[in-house]
Amino acid sequence: PLTPLAVAKGVEPLGRPPRRAPLGRARAGLGGAPLLLPSMLMFAVIVASSGLLLMIERGILAEMKPLPLNPSSHKGAAWRGAAFKPLDASDPDLQVRRDVRNRTLRTVCGQPGMPRDPWDLPVGQRRTLLRHILVLAGVLDSVDVRLKMDHRSDLVFLADLRPEEIRYRLQHYFKFLFVRDPLERLLSAYRNKFGEIREYQQRYGAEIVRRYRAGAGPSPAGDDVTFPEFLRYLVDEDPEHMNEHWMPVYHLCQPCAVHYDFVGSYERLEADANQVLEWVQAPTHVRFPARQAWYRPASPESLHYHLCSVPRALLQDVLPKYILDFSLFAYPLPNVTRAACNQ
């Protein structure tokens with residue numbers, strides 16, 4: 001799965017989209033009968049007021065590398081003069097989802113005690129955040145589209161900068177975030193990390209098998225972890241200390257501490273990514289890369305198949321870990337009623 005967070009080139013922040021009344025539909029719950037859920041906005045307010053949100057305590061900046069990095073000056077003010085085009089207004093469902101997402105973020109992040117910037121976060125949370133915000137200033141001008149970019153090689157993250165440089169970029173740069181259906185993201189991480197990458201099989205897979213499989217033995221290979229075993233592992237993990245590929249986006253990206261100008265989605269990845277590139281005036285030859293022909297992403301159909309094979313009690317234990325990702329980013333809870341799974 002993609003690392004969901006980045007800060008792009010220095011561009012003035014966009015204004016908020018126009019307010020609209022949120023719409024919604026009743027969704028089926030985890031039990032045998034349909035469960036009527038409140039709107040995502042009200043659900044987020046309920047979650048916030050019931051104390052499920054962590055009240056943030058103030059800390060000090062730690063482990064900052066003294067590496068000064070300033071935007072290239074050859075473009076000067078041109079970086080800040082992008083002509084923003086309106087988002088696609090032809091898709092009413094998309095507009096509703098974005099409106100609900102924006103309203104919910106404003107409501108939850110406006111609660112007393114919520115962080116206003118990274119310096120309001122405890123040191124550990126701030127360290128995680130700054131190590132995953134990629135600074136694209138200067139990178140887009142020199143990127144070679146023929147090469148596969150490494151997650152870390154030759155890239156600059158906010159944690160590489162001095163505190164004053166971090167503050168400047170968070171204040172002045174165009175900031176964007178991409179989100180995905182939480183359970184689809186988990187399935188994608190499971191298939192990729194435990195099905196293809198030996199390092200993850202040895203580091204996480206072997207431990208998961210030892211913990212959750214009877215008679216596994218002391219040295220399992222870790223290459224045959226089942227999806228239910230992976231979910232049981234997530235139930236027992238602290239969200240703030242999870243691996244970045246399955247850590248809840250709320251904890252990884254801190255959308256209250258960082259005020260993102262645009263929240264894109266995996267469901268519209270290519271269109272939203274190219275819209276961001278246009279907004280930040282990336283070179284014309286830089287476009288979001290097409291998927292390889294062999295790539296088979298986790299789809300809603302494959303997710304439905306896997307979820308219907310998972311014990312419902314296990315799903316009920318997993319969902320609270322990601323409830324803020326569902327509510328803040330307007331994703332529906334899964335429908336795994338008997339009727340839905342029998343289809």
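**Helix packing and a few residues**

Visitor: At what angle do α6 and helix α8 pack?

Guide: About 110°, and the axes of α6 and helix α8 (residues 227-236) are 11 Å apart. Axes here are lines fitted to C-alpha atoms, for helices over the stretch in contact, with angles running from 0 to 180 degrees between N-to-C directions. Helices (H or I, at least four residues) and strands (E, at least two) are DSSP runs, numbered from the N terminus.

Visitor: What does that make α6 relative to α8?

Guide: Roughly perpendicular. The cut-offs are under 35 degrees for roughly parallel, over 145 for roughly antiparallel and 65 to 115 for roughly perpendicular, with the rest called oblique.

Visitor: Which residues make the contact?

Guide: From α6, Leu186, Leu187, Tyr190 and Phe194; from α8, Phe227, Phe230, Leu231 and Leu234. Contact means heavy atoms within 4.5 Å. By class, that is eight nonpolar residues, no polar and no charged ones. Ala, Val, Leu, Ile, Met, Phe, Trp, Tyr, Cys and Pro count as nonpolar, Asp, Glu, Lys and Arg as charged, and the others, Gly among them, as polar.

Visitor: Before going on, what sort of model is this, and how are residues numbered?

Guide: It is a predicted model, in which local features need pLDDT of at least 70 and side-chain atom pairs count only at pLDDT 80 or more, while totals for chains, interfaces and linings use all residues. Residues are numbered from 1 along each chain as its sequence is written, and side-chain values use heavy atoms, with hydrogens and water left out.

Visitor: Fine. How do α6 and α7 cross?

Guide: At roughly 100°, with the axes of α6 (residues 182-196) and α7 (residues 198-212) coming within 7 Å. They are therefore roughly perpendicular to each other. Lys193, Phe194, Gly195 and Glu196 of α6 meet Arg198, Tyr200, Gln201, Tyr204, Gly205 and Ile208 of α7. Those residues divide into four nonpolar, three polar and three charged.

Visitor: And α6 with α11, at what angle?

Guide: Roughly 85°, and the axes of α6 and helix α11 (residues 300-308) come within 10 Å. So α6 and α11 are also roughly perpendicular to each other. On the α6 side the residues are Leu183, Glu184, Leu187 and Arg191; on the α11 side, Pro300, Ser302, Leu303, His306 and Leu307. The classes are five nonpolar, two polar and two charged.

Visitor: Back to Ile208. Is it buried or exposed?

Guide: Ile208, in helix α7, is buried, with a relative accessible area of 0%. Buried means under 20% relative accessible area, exposed over 50%, partly exposed in between (1.4 Å probe, protein chains only).

Visitor: What does Ile208 touch, apart from its neighbours within four places in sequence?

Guide: Ile208 is in contact with Phe194, Arg213, Val225, Glu229, Phe230 and Tyr233. The C-alpha atoms of Ile208 and Gly222, 14 residues apart along the chain, are separated by 7.6 Å.

Visitor: Change of topic. What can you say about Val276 in helix α10?

Guide: Val276 sits in α10 (residues 269-279) and is buried at 4% relative accessible area. Leaving aside neighbours within four places in sequence, Val276 contacts Phe174, Phe176, Phe178 and Phe262. Val276 and Lys175 are 101 residues apart in sequence and 9.5 Å apart in space, C-alpha to C-alpha.

Visitor: Trp279 too: buried or exposed?

Guide: Buried, at 2% relative accessibility. Trp279 is also placed in helix α10, and its C-alpha lies 8.7 Å from that of Phe174, 105 residues apart in sequence.

Visitor: Which loop holds Gln281, and what is its phi?

Guide: Gln281 is in the loop between α10 and α11, with a positive phi of about 55° although it is not a glycine. Most residues other than glycine have a negative phi. At 30% relative accessibility, Gln281 counts as partly exposed.

Visitor: And what about phi of Ala330?

Guide: It is near 60°, again positive in a residue other than glycine. Ala330 is in the loop between α13 (323-328) and α14 (338-342), and is buried at 10% relative accessible area.

Visitor: Last one: how many helices and strands, and how much is buried?

Guide: The chain has 14 helices and five strands, and 48% of its 343 residues count as buried. Its accessible surface comes to about 17500 Å², 55% of which belongs to carbon and sulfur atoms (Shrake-Rupley method with a 1.4 Å probe; for residues, only the protein chains shown count as cover). Among contacts between residues at least 6 apart in sequence, 79% join residues at least 24 apart.
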